Amino acid sequence: MDISWRRYDRQLHDLGVEGQLKIRSSTVLVAGLGGLGSIASLYLVAAGVGKVILVDKDRVEETNLNRQVIYMPEDIGMEKAVVAQRRLKSFNPEVEVEAYVMDVFSPEFEEIVKKSDVVIDGMDGWRQRLRINELIVKHKKPLIHAAVESWYGQLMVVVPGETPCLHCLFSSIGNRSCVRIVGPVAGVLGLMEALEAIKLIVGKGSVVKNKLLVVDLKNMSFDFINVKRNPRCPVCGQLG
């Protein structure tokens, strides 16, 4: 399909034609379509990513609607991946959108990771995040990680063999999941995930590598924590 260049006019000034073509030829996997993934997927599609793959096993609930703005009240009870696919394809018909109603522990999920260029972490549970982390390290795919709770969020980019993986830093965190969230906080971090993915694809700017960005949006503070790989990490330590 041809590119409608005028649609991307405002970003072409910064990304250039070559950058837009890189975006057009890329495949991004969004694993989890909650507060983070639903926003990230919308902006990836808006940017003209060639293929966006959506994975989520859940259905839309009323409690999602304060932050997962891709869904409408009439979508309650429907599968998130199916609803999001329909809405995103309607928003930008130039983008190929695949949807899978699937758990990340499904054997088929590994095949989806393998065919992706970048993976977005949209999970709200650490057991699922660490599963995705294992697969991106195994197949050497960059991961954009974010997590949110209440007024706070964190962001980092995992590049296997170059940066710490999630297991290096969070192996003992258990299976905590987000139970309270001020809606726009998820939006801010989801947007940042989309932006980091675009920067990786295009090769412009710097991404949050070897650092953990900690965001306090109640007090509007942004802090970076330097992080290092664990050479004994059972997930990424073998990469040297």
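**Contacts, core, burial and bend**

Leu189 touches Leu36, Ala146, Ala147, Val148, Gly153, Gln154, Leu155 and Leu217, leaving aside residues up to four places away in sequence, where contact means heavy atoms within 4.5 Å. This is a predicted model, in which local features need pLDDT of at least 70 and side-chain atom pairs count only at pLDDT 80 or more, while totals for chains, interfaces and linings use all residues. Residues are numbered from 1 along each chain as its sequence is written, and side-chain values use heavy atoms, with hydrogens and water left out.

Q: Why is Gln68 called buried?
A: Buried means under 20% relative accessible area, with exposed over 50% and partly exposed in between (1.4 Å probe, protein chains only); Gln68 has 2%, and is therefore buried. Gln68 touches Leu33, Gly34, Gly35, Ser38 and Lys80, not counting residues up to four places away in sequence.

Q: What makes a nonpolar core, and which residues have the most contacts inside the largest one?
A: A nonpolar core is a set of buried Ala, Val, Leu, Ile, Met, Phe, Trp, Tyr and Cys residues joined through side-chain atoms within 4.5 Å. The largest has 45 residues, and Leu44, Val52, Leu54, Ile120, Leu155 and Leu189 have the most contacts inside it.

Q: How do you know that α1 bends, and where?
A: The bend at a residue is the angle between axes fitted to the seven residues ending there and the seven starting there; at Leu15 this is about 105°.

Terms used
Helices (H or I, at least four residues) and strands (E, at least two) are DSSP runs, numbered from the N terminus.
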